[in-house]
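Let's walk through this one together, one question at a time. Have a look at the fold first, then read on.

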Amino acid sequence: MSEQKIVLIRHGQTEWNKAGRLHGRGDLPMNETGVRQARQLAADLAMQGPWAAVYSSPLFRAPQTAQIIANGVGTRALHENPELMEQDFGDWEGKLVGHPADEQRQVHIGSGETEQHLVERAINALFKISQQHPGENVLVVSHGALISSVLSALTSEADPRVANGTCRELDARLLNTYVSREPLWH
């Protein structure tokens with residue numbers, strides 16, 4: 001059995017990303033730059049395949065990115081998963097804040113979802129995906145806060161930033177280690 005590869009992809013740019021607004025659950029499409037980013041990423045990833053499946057948040061910008069990538073890498077296995085949605089920033093969604101530091105972000109989302117809940121649901125989803133594709137390569141299209149929070153929780157990397165239309169490979173063994181310490185939450 002070959003080693004599993006899970007690649008986390010942040011969706012292409014939207015107008016809110018460009019303006020520095022907290023996106024959260026706001027359901028906006030990619031802009032022209034975002035579409036170009038997704039096409040370029042698809043071309044880059046096509047050379048690293050084969051890819052067994054592409055998973056995506058259901059928020060429009062993510063499946064829009066995922067479809068471009070799935071077409072580009074030649075896979076028809078495209079799945080939406082609500083556990084891959086962006087963090088709910090509550091009353092702060094749409095506000096101009098750029099990239100807030102962790103403590104600032106927690107103040108901003110007082111009426112939304114905690115980072116701990118975000119990490120738990122995201123790792124839960126990623127662990128299930130990894131179990132469904134042992135030894136296979138999988139692409140997961142999601143959002144900036146989700147990817148950054150997961151990477152931070154799994155690797156202890158402080159504030160890992162993931163730009164629009166870029167990707168980071170996730171070591172599936174880190175998911176197994178995390179889940180062995182913290183049981184799945186549903």
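Two strands pair if DSSP finds at least two bridges between them. Helices (H or I, at least four residues) and strands (E, at least two) are DSSP runs, numbered from the N terminus. This is a predicted model, where local features need pLDDT of at least 70, side-chain atom pairs count only at pLDDT 80 or more, and totals for chains, interfaces and linings use all residues. Residues are numbered from 1 along each chain as its sequence is written, and side-chain values use heavy atoms, with hydrogens and water left out.

Q: Which residue in β3 does S56 stand opposite?
A: Strand β2 covers residues 53-56 and pairs with β3 in the parallel sense, over 3 bridges. Across from S56, the residue in β3 is E80.

Q: In what order do the 5 strands of the open sheet lie?
A: The edge strands, each pairing on one side only, are β3 (78-80) and β5 (167-170). From one strand to the next, the twist averages 20°. The pairing is mixed, and the order is β3-β2-β4-β1-β5.

Q: At what angle do helix α2 and helix α3 pack?
A: Angles here run from 0 to 180 degrees between N-to-C directions, and axes are lines fitted to C-alpha atoms, for helices over the stretch in contact. The axes of α2 (residues 32-46) and α3 (residues 61-73) are 8 Å apart. The angle between these helices is about 35°.

Q: Which strands does α2 lie across?
A: Helix α2 runs at about 170° to β1 (5-10). Together with β1, the strands that α2 lies across are β4 (137-142) and β5.

Q: Is L139 buried or exposed?
A: L139 lies in strand β4. Leaving aside neighbours within four places in sequence, L139 is in contact with V7, I9, L45, W51, A53, V54, Y55, I69 and V73. Buried means under 20% relative accessible area, exposed over 50%, and partly exposed in between (1.4 Å probe, protein chains only). The relative accessible area of L139 is 0%, so this residue is buried.

Q: How many residues apart in sequence are L139 and I6?
A: In space, L139 and I6 are 5.9 Å apart, C-alpha to C-alpha. Along the sequence, their separation is 133 residues.

Technical notes: Contact means heavy atoms within 4.5 Å.
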